[in-house]
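Please find my notes on this model below. They are set out as numbered points.

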Amino acid sequence: MAYSPILLAHILGGTVGLLSGTAAMSFRKGSPRHVLAGRVFVASMLVMAAGAAYLGIIRHQPGNAAGGVFTFYLILTAWLTARRADGETSKLDWVAVLIPLALGTLSWMGGIQVVRSGASSQAGVPVGMIFFLGSVELLAAAGDVRMLIRGGVLGAKRIARHLWRMCFGLFTAAGSFFFGPSNRPLRLLSNVGLGQHLPRALFSTSLYLVLTILPLVLLIFWLLRVRFSKAYKKTSSEYREQSLPG
């Protein structure tokens, strides 16, 4: 089966993003291994998200286009949060806040329309998930507004902002991959001659669900650890220095 260059870049970016993101979440925040895995994750996820947005537009799939745009926004703002010093903002933040605000509003409008029509899903997406993603998008916008009003985020709060955006970006990528059409993991591995040689248990819905939710579980773990660990409050500036490229 032939794939377009953009689709190949999207698939490769997503695959590398899932692996490097899992590695980054497993390492201690601010450690050299976390920083290295994080850099790979950011680059690969931006490629994946840009590809998803482009493919969604040319294929007239607004849900996939919106998901790609939101994931790109999450990863970019998470990277900027880690790269900056405490209390630092830029003009880009005033533009970026419009993305989740618009997406969240459209998601809620679409979800309400689905409910009024009596349907339970839209383009295969359950209405509950539409409202959930819309709520997260609006919460991200609210977080941006609060950050801008307060003149940035400080200490552990800055690390927490970085963490939840990275982890939720990984969650959206995992959900798209594992619950995409026609058992996407099995289909992709079969195309390279591996799928038919692996146990069917590796391609079960139950396993896919666990792997999709895992980023959220790790997100809760790290947020609690950052919130209640004095070490992260003391080393916020060190975390930024280690996150800088070069």
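1. His-60 sits in the loop that joins α2 (32-58) to α3; helices here are DSSP runs of H or I with at least four residues, strands are runs of E with at least two, and both are numbered from the N terminus. The phi angle of His-60 is near 60°, a positive value in a residue other than glycine. With a relative accessible area of 71%, His-60 is exposed (exposed is over 50%, buried under 20%, partly exposed in between, with a 1.4 Å probe and protein chains only).

2. The model is predicted: local features need pLDDT of at least 70, side-chain atom pairs count only at pLDDT 80 or more, and totals for chains, interfaces and linings use all residues. Residues are numbered from 1 along each chain as its sequence is written, and side-chain values use heavy atoms, leaving out hydrogens and water.

3. Helix α3 (residues 62-83) has 22 residues, which at 1.5 Å a residue should span 32 Å; the end C-alpha atoms are 31 Å apart, which agrees. The expected span is 1.5 Å times one less than the number of residues. Buried residues of α3 include Phe-70, Tyr-73, Leu-74 and Leu-80.

4. Thr-212 belongs to helix α9 (residues 205-228) and is buried, with a relative accessible area of 6%. A polar atom of the Thr-212 side chain lies 2.8 Å from the backbone oxygen of Tyr-208. Leaving aside residues up to four places away in sequence, Thr-212 touches Phe-171, Ala-174, Gly-175, Phe-178 and Phe-179 (contact means heavy atoms within 4.5 Å).

5. In the protein chain there are eleven helices and two strands. Of its 246 residues, 42% are buried.

Methods
A polar contact is a pair of N or O atoms within 3.5 Å; within protein, one must be able to donate a hydrogen and the other to accept it, and residues adjacent in sequence count only if both atoms are side-chain atoms.
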